[in-house]
Amino acid sequence: MINLKNIIMTAAMTCAVATSTAQTKVIAHRGFWDCEGSAQNSITALVKAAEAGVYGSEFDVLITSDGVPVVNHDDDINGVIIEQSPYSSISSFTLSNGEILPTLQSYLEEGKKYPSTQLILEIKPHKSTENENRAVETIVNMVKSMGIENQVEYISFSMNICRQLVKKSPDSQIAYLMSDMSPVDVGKLGMTGIDYHYKAFDKYPEWISEAQNEGMTVNVWTVNNLDVMKKLIDLKADYITTDKPLEALELVKK
Ligand code: MG
């Protein structure tokens, strides 16, 4: 006769083991850029991150005045404010490795060739709510039309952008970056994770387990110090976002 109690206990133990051995995963901050021929937020950095075998490659996105999302960290490029300028005014600009400023479309097309690398898409805060909302709308539609919803995970410092993402792409992974709210409060707004500065966890180390108890993920930025990485691995953070992906991968393996 099948002993139901034993089955339940075995299942519970398997779950417990699975949780406690979950390994911290590595995300390359702005791709793997600190190497020959690469540059922050370049398509080369995405390819190098994929080749290095990280869990994910992070990059920053803003939208032009005429609706073209581009991959860039600052709100301007060569002094031209991206959200207030048409794409034609920045389309010929190059990155420090000589690559042309990538559009999100070209970036995602390349990323799609590496399906085992998650694309950690940060939508930057824009100067107006209207621009943030049209950025979310355009980006979510692009990701859906390319059929890569499961490969893309969203992050943002803007609470407005996070809330729009919850509305427009409710099945996606969405994490808030500002490091100023408890995970329980972030979860109540429909986000699936927190992605906080490592110093937030000096002050609130319990936020890691609190988030995970809510079924949320914990990502930590930008961790370049090996001692801090070790501490976060011990605290069982789900992800570490770093400019030193090779060193982080080595540490995680140990
Ligand atoms: Mg970023």
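**Close-up views of a predicted model**

**View 1. Strands around the largest cavity.** At least two lining residues of the largest cavity come from each of β7 (152-156), β8 (174-176), β9 (193-197) and β10 (217-221). Strands here are DSSP runs of E with at least two residues, helices are runs of H or I with at least four, and both are numbered from the N terminus. The biggest share of this lining belongs to β7, with 3 residues. The model is a predicted one, in which local features need pLDDT of at least 70 and side-chain atom pairs count only at pLDDT 80 or more, while totals for chains, interfaces and linings use all residues. Residues are numbered from 1 along each chain as its sequence is written, and side-chain values use heavy atoms, with hydrogens and water left out.

**View 2. Inside the largest cavity.** A cavity is a set of points, on a 1 Å grid over the protein atoms alone, where a 1.4 Å probe fits but cannot get out; lining residues have an atom within 4 Å of a point. With a threshold of 30 Å³ or more, the count is 1 cavity. The largest cavity holds about 90 Å³ of space. Its lining has 13 residues, and Glu153, Ile155, Ala175, Thr217 and Asn219 are the closest to its centre. Volume here is the space filled by probe spheres set on the points, with grid points joined across faces, edges and corners. The lining is made up of 7 nonpolar, 4 polar and 2 charged residues. In this grouping, Ala, Val, Leu, Ile, Met, Phe, Trp, Tyr, Cys and Pro are nonpolar, Asp, Glu, Lys and Arg are charged, and the others, Gly among them, are polar.

**View 3. The largest pocket.** Unlike a cavity, a pocket is an open set, with protein on both sides within 12 Å along at least five of seven lines. The largest pocket contains about 210 Å³ of space. Among its 13 lining residues, Gln40, Asn72, His73, Ile77 and Leu95 lie nearest the centre. By class, the pocket lining has 4 nonpolar, 7 polar and 2 charged residues.

**View 4. The magnesium ion.** Glu58 (OE), Asp60 (OD) and Glu122 (OE) coordinate the magnesium ion at 2.0 to 2.1 Å. Donors are N, O and S atoms within 2.8 Å of the metal (3.2 Å for Na, K and Ca); water is not among the atoms, so sites may look incomplete. Along the sequence, the donor residues follow the spacing E-x1-D-x61-E. Both Glu58 and Asp60 are buried, meaning under 20% relative accessible area with a 1.4 Å probe and protein chains only (exposed is over 50%, partly exposed in between).
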